[in-house]
Amino acid sequence: MSQASRVSETAFLNLPKAADYLGISPNTLYVWRHRRQGPPSFRMGRRVMYRITALDAWVRAQEQADSRSNPAMNPLSQKPQRRSKAAR
(Lines give C-alpha, C1' and ligand atoms only; values in the text may rest on other atoms or scores of the structure.)
Protein backbone atom coordinates (compact mmCIF):
# COMPACT_ATOMS: atom_id res chain seq x y z
CA MET A 1 0.00 0.00 0.00
CA SER A 2 1.43 3.39 -0.97
CA GLN A 3 2.09 6.19 1.53
CA ALA A 4 -0.55 8.46 -0.09
CA SER A 5 -3.31 5.86 0.19
CA ARG A 6 -2.44 5.14 3.84
CA VAL A 7 -2.60 8.87 4.66
CA SER A 8 -5.98 9.30 2.92
CA GLU A 9 -7.38 6.26 4.75
CA THR A 10 -6.40 7.69 8.11
CA ALA A 11 -7.27 11.32 7.32
CA PHE A 12 -10.88 10.75 6.22
CA LEU A 13 -13.79 8.58 7.34
CA ASN A 14 -16.96 7.76 5.46
CA LEU A 15 -20.31 8.28 7.20
CA PRO A 16 -20.61 4.84 8.88
CA LYS A 17 -17.00 4.93 10.10
CA ALA A 18 -17.37 8.53 11.30
CA ALA A 19 -20.50 7.55 13.23
CA ASP A 20 -18.60 4.66 14.80
CA TYR A 21 -15.71 7.01 15.61
CA LEU A 22 -18.15 9.37 17.40
CA GLY A 23 -20.02 6.52 19.07
CA ILE A 24 -23.38 7.37 17.50
CA SER A 25 -25.59 5.67 14.95
CA PRO A 26 -25.05 6.33 11.24
CA ASN A 27 -28.69 7.44 11.04
CA THR A 28 -28.09 10.16 13.65
CA LEU A 29 -25.08 11.44 11.72
CA TYR A 30 -27.09 11.33 8.48
CA VAL A 31 -29.92 13.36 10.07
CA TRP A 32 -27.47 15.90 11.49
CA ARG A 33 -25.94 16.29 8.02
CA HIS A 34 -29.36 16.73 6.45
CA ARG A 35 -30.25 19.41 9.04
CA ARG A 36 -26.83 21.06 8.62
CA GLN A 37 -25.94 20.25 12.22
CA GLY A 38 -23.12 18.15 13.53
CA PRO A 39 -19.55 17.93 12.31
CA PRO A 40 -18.53 19.37 8.92
CA SER A 41 -18.62 16.94 6.03
CA PHE A 42 -18.03 17.00 2.30
CA ARG A 43 -18.54 14.85 -0.75
CA MET A 44 -15.67 12.95 -2.28
CA GLY A 45 -17.22 11.68 -5.47
CA ARG A 46 -20.44 9.99 -4.35
CA ARG A 47 -19.32 9.40 -0.77
CA VAL A 48 -19.92 11.67 2.21
CA MET A 49 -16.64 12.04 4.04
CA TYR A 50 -15.50 13.46 7.36
CA ARG A 51 -12.01 14.69 8.13
CA ILE A 52 -10.85 13.15 11.43
CA THR A 53 -9.33 16.44 12.57
CA ALA A 54 -12.70 18.15 11.93
CA LEU A 55 -14.50 15.48 13.98
CA ASP A 56 -12.09 16.01 16.87
CA ALA A 57 -12.47 19.81 16.66
CA TRP A 58 -16.27 19.48 16.57
CA VAL A 59 -16.25 17.28 19.68
CA ARG A 60 -14.05 19.83 21.49
CA ALA A 61 -16.46 22.62 20.51
CA GLN A 62 -19.39 20.57 21.85
CA GLU A 63 -17.56 20.10 25.14
CA GLN A 64 -16.96 23.85 25.44
CA ALA A 65 -20.60 24.66 24.61
CA ASP A 66 -21.91 22.42 27.41
CA SER A 67 -22.14 24.09 30.80
CA ARG A 68 -21.35 20.82 32.57
CA SER A 69 -17.98 20.65 30.81
CA ASN A 70 -17.19 24.36 30.79
CA PRO A 71 -16.98 25.95 34.27
CA ALA A 72 -17.27 29.44 32.74
CA MET A 73 -20.82 28.60 31.61
CA ASN A 74 -21.94 27.11 34.92
CA PRO A 75 -24.94 29.17 36.09
CA LEU A 76 -23.94 28.54 39.71
CA SER A 77 -20.67 30.39 39.19
CA GLN A 78 -22.49 33.50 37.93
CA LYS A 79 -23.26 36.37 40.25
CA PRO A 80 -27.02 36.58 40.93
CA GLN A 81 -28.79 39.37 39.08
CA ARG A 82 -31.21 41.71 40.79
CA ARG A 83 -34.74 41.71 39.53
CA SER A 84 -35.83 44.92 37.89
CA LYS A 85 -38.89 46.61 39.25
CA ALA A 86 -41.82 45.81 37.00
CA ALA A 87 -43.89 48.72 35.74
CA ARG A 88 -47.27 48.70 37.44
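**Note on the fold, the sheet and the aromatic pairs**

1. Of the chain's 88 residues, 19% count as buried. Buried means under 20% relative accessible area, exposed over 50%, and partly exposed in between, with a 1.4 Å probe and protein chains only. This is a predicted model: local features need pLDDT of at least 70, side-chain atom pairs count only at pLDDT 80 or more, and totals for chains, interfaces and linings use all residues. Residues are numbered from 1 along each chain as its sequence is written, and side-chain values use heavy atoms, with hydrogens and water left out.

2. Start with the overall layout. The chain has four helices and three strands. Along the sequence they follow the pattern α-β-α-α-β-β-α. Helices (H or I, at least four residues) and strands (E, at least two) are DSSP runs, numbered from the N terminus.

3. Next, surface and contacts. The chain exposes about 7,600 Å², and carbon and sulfur atoms supply 51% of that area. The areas come from the Shrake-Rupley method with a 1.4 Å probe; for residues, only the protein chains shown count as cover. Among contacts with a separation of 6 or more, 38% are between residues 24 or more positions apart. Contact means heavy atoms within 4.5 Å.

4. Now the sheet. In which order do the three strands stand? The order is E1-E3-E2, in an open sheet with antiparallel pairing. E1 and E2 are at the edges with a single partner strand each, so one side of each has no neighbour in the sheet. From one strand to the next, the twist averages 50 degrees. Two strands pair if DSSP finds at least two bridges between them.

5. Look at strand E3 (residues 47–51). It pairs with E1 in the antiparallel sense over three bridges. E2 and E3 also pair in the antiparallel sense, over three bridges. Met 49 in E3 stands opposite Asn 14. Met 49 also stands opposite Phe 42.

6. The hairpin of E2 and E3 has two residues between the strands. There, Gly 45 takes a positive phi near 70 degrees.

7. Helix H2 (residues 15–22) lies across E1 and E3 and runs at about 105 degrees to E1. Axes are lines fitted to C-alpha atoms, for helices over the stretch in contact, and angles run from 0 to 180 degrees between N-to-C directions.

8. How many aromatic pairs does the structure hold? It holds two. Phe 12 and Phe 42 form an edge-to-face pair, 5.6 Å centre to centre with 75 degrees between the planes. Phe 12 lies in strand E1 (residues 12–14) and Phe 42 in strand E2 (residues 42–44), so the pair ties together parts 30 residues apart in sequence. Phe 12 is buried at 18% relative accessibility, whereas Phe 42 is partly exposed at 29%.

9. Trp 32 and Trp 58 form a tilted aromatic pair, 5.5 Å centre to centre with 50 degrees between the planes. Trp 32 lies in helix H3 (residues 26–34) and Trp 58 in helix H4 (residues 52–65), so this pair ties together parts 26 residues apart in sequence. Trp 32 is partly exposed at 25%, and Trp 58 is buried at 18%. Rings of Phe, Tyr and Trp (its six-membered ring) pair if their centres lie within 6.5 Å; planes under 30 degrees apart count as stacked, over 60 as edge-to-face and the rest as tilted.
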